[in-house]
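Here is a short briefing on one protein chain. Look at the structure first, then work through the points below.

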Amino acid sequence: MIVDYHMHLRNSRGEIAHDTASVEPFVETALARGVDEIGFTEHVYYFEQTRSLWTVPYQTERCVRDLDDYCDAVLEAKRRGLPVKLALEVDYVGAEQPRLAEILDPYPWDYLVGSVHWLDGDAVDSWPGIWERHETDVVWRRYFAALGELAPFVDVLAHPDLPKIFGRRPADPAAYYPELDGVALEISTAGLRKPVGELYPDRALLGRAPITLASDAHEPHLVGEDFDQALALARSAGYETVTVFECRRARQEPLG
Ligand SMILES: [Zn+2]
Ligand SMILES: [Zn+2]
């Protein structure tokens, strides 16, 4: 079994397209690349139902879509028998996390992916963002503390060691890795397309939780991109299974 459990529903021009027709090119790429199942994980801050949570202009400007339209587009693709899962990329919002979870609770998610992109309004993954304000060690410590807080609210942690994106690493990254229980880690090929040019996460972070595989595709042609490298990393870390989700219940399937 091979899954790609992280992608954003866009048309061929890279524009947001929360409709069933736009699902099809993602499925076509998946099948052509031997990916058995894909999951859509739109950013949670795109949806007006979550508007009251956002403070950063990047989020508030984008918060204009309807969550029901998005869910209906993916659910209709499911009804037509396409191998797709309904999911969302859920941002870390600190003390507001239970409130965000409550807003999302009524929807029939197959899984939720959790991400830490901002810390107190400073972006971890855009330059210079948080990096002009804080030392590398401080960013890594705060990032992983936030990831640990987010973990109980989601099923998968996205791009788990995101702070390496610009190649800035503390002397001992593993000192900041959180304890993980009941959550999966994604092996993401998106890092290969970022300045760091590596898979997320480092091998040292693997082994402590089950895995999913992820491209973080924002265009259909990136589904399953570089999965040979993701599979090689998974196997080198001792994984023989991959996590499959349905209605937020996880099971393990043989990898490959
Ligand atoms: Zn992300
Ligand atoms: Zn994403």
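**Cysteines and overall build**

The structure holds zero disulfides. This is a predicted model, and every value below is computed from it.

**Cysteines**

- Cys63 takes part in no disulfide. Its nearest cysteine sulfur belongs to Cys71 and is 14 Å away. A disulfide needs two cysteine sulfur atoms within 2.5 Å, so 14 Å rules this pair out.
- Cys71 is in no disulfide either. For Cys71, the nearest cysteine sulfur is that of Cys247, 13 Å away.
- Are Cys63 and Cys71 buried or exposed? Cys63 is buried, with a relative accessible area of 0%. Cys71 is buried too, with a relative accessible area of 3%. The cut-off for buried is under 20%.

**Overall fold**

- How many helices and strands does the chain have? There are six helices and 11 strands.
- The radius of gyration is 17 Å, close to the 18 Å that the globule rule gives for 256 residues, so the chain is as compact as a globular protein of that length.
- Along the principal axes, the C-alpha atoms fill a box of roughly 50 × 45 × 35 Å.
- Take the contacts between residues at least 6 apart in sequence: 71% of them join residues at least 24 apart.

**Surface and charge**

- Of the 256 residues in the chain, 55% are buried.
- The accessible surface comes to about 10700 Å². Carbon and sulfur atoms account for 47% of that surface.
- The chain carries 25 positive and 44 negative side chains. The centres of these two sets lie 1 Å apart.

**Thr41, in a strand**

- Thr41 sits in strand β2, which covers residues 37–43.
- Thr41 has 0% relative accessibility, so it counts as buried.
- What does Thr41 touch, leaving out residues up to four places away in sequence? Its contacts include Tyr5, His6, Met7 and His8. Also among them are Tyr70, Ala87, Leu88 and Glu89. Tyr111 and Val113 belong to the list as well.

**Ala145, in a helix**

- Ala145 lies in helix α5, which covers residues 136–150.
- Ala145 has 42% relative accessibility, so it counts as partly exposed. That class runs between the 20% and 50% cut-offs.
- Ala145 and Pro178 are 33 residues apart in sequence. In space, their C-alpha atoms are 6.9 Å apart.

Terms used
Residues numbered from 1 in each chain as written. Chains lettered and ligands numbered in written order. Predicted model: local features only at pLDDT ≥ 70, side-chain atom pairs only at ≥ 80, totals over all residues. Heavy atoms only, no water. Helix = DSSP H or I, 4+ residues; strand = E, 2+ residues; numbered from the N terminus. Rg over C-alpha atoms; globule rule 2.2 N^0.38 Å. Buried < 20%, exposed > 50% of the residue type's maximum accessible area, 1.4 Å probe, protein only. Contact = heavy atoms within 4.5 Å. Areas by Shrake-Rupley, 256 points an atom, 1.4 Å probe, with all protein chains shown as cover. Lys, Arg positive; Asp, Glu negative; His and termini not counted. Charge placed at Lys NZ, Arg CZ, Asp CG, Glu CD.
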